[in-house]
Amino acid sequence: MTLFGYSLEQIFLVVLIFAGLATVLVMFFGDAVEGIGEGLPIFNPSVILSFITLMSAAGFILEKLAWFSSVWNIIAACIIGTILSSIFYLFVLVPLRSADVSLAYTEESLGGQLGRVIVPIPVDGFGEVVIETTSGMISKRATGYDNEAIDYDETVLVVDVKDGTLFVRTYEKKFV
């Protein structure tokens, strides 16, 4: 079967090449078009490009093997592209979207964390506490919550955070 003077095999191959190039461009410049797919996931550029790429690849292979007529090959290619791009969306894009990959932290998120004193905290003074997080070690200025002294290498609980200063108490682990 020919379409616009070209064989269907050639059309599938050209579409496959252009969809592959567009996929590479979206990988590099995807932040510019990121908001397009927020409303409806079917309009996500990654889903659309994966459908076009997979459909054209399946169509090219089916045309090359010539098992069925061209009309049935197009229908089968569309079904294969829909199924595979749906699997791609459900098992790759949805988990990536929900993954927490931020390395940043807020001062409010430090409340309730456990830390270790690396510079002793004097009465009515400041010391330094280090907190281990998933993104690394955070070292912050600290003072005793009730203005108490806290020794070096004590485990402390961050009770409050104000103006970049951690208000901490000695952490006492109780066994029940």
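**Close-up views of a predicted model**

**View 1. Helix α1 passes helix α2 in a left-handed crossing.** In this predicted model, the axes of α1, which spans residues 8–29, and α2, which spans residues 45–65, come within 8 Å of each other and cross at roughly 155 degrees. Because angles over 145 degrees count as roughly antiparallel, α1 is described as roughly antiparallel to α2. On the side of α1, the contact is made by L8, E9, F12, L13, V15, L16, A19, G20, A22, T23 and V26, while α2 contributes L49, I52, T53, M55, S56, A57, G59, F60, E63 and K64.

**View 2. A barrel is closed by 5 strands.** The strands follow one another in the order β3-β4-β5-β7-β6, and their pairing is mixed. From one strand to the next, the twist averages 55 degrees.

**View 3. E154 lies in the loop between β5 and β6.** With a relative accessibility of 29%, E154 counts as partly exposed. Apart from its neighbours within four places in sequence, E154 is in contact with G115, R116, V117 and T170. For one of these residues, G115, the C-alpha atom is separated from that of E154 by 8.3 Å, although the two residues are 39 residues apart along the chain.

Definitions and conventions
Residues numbered from 1 in each chain as written. Predicted model: local features only at pLDDT ≥ 70, side-chain atom pairs only at ≥ 80, totals over all residues. Heavy atoms only, no water. Axes fitted to C-alpha atoms, helices over the stretch in contact; angles between N-to-C directions. Helix = DSSP H or I, 4+ residues; strand = E, 2+ residues; numbered from the N terminus. Parallel < 35°, antiparallel > 145°, perpendicular 65-115°, else oblique. Left-handed = near helix turned anticlockwise from the far one by under 90°. Contact = heavy atoms within 4.5 Å. Pairing = 2+ DSSP bridges. Buried < 20%, exposed > 50% of the residue type's maximum accessible area, 1.4 Å probe, protein only.
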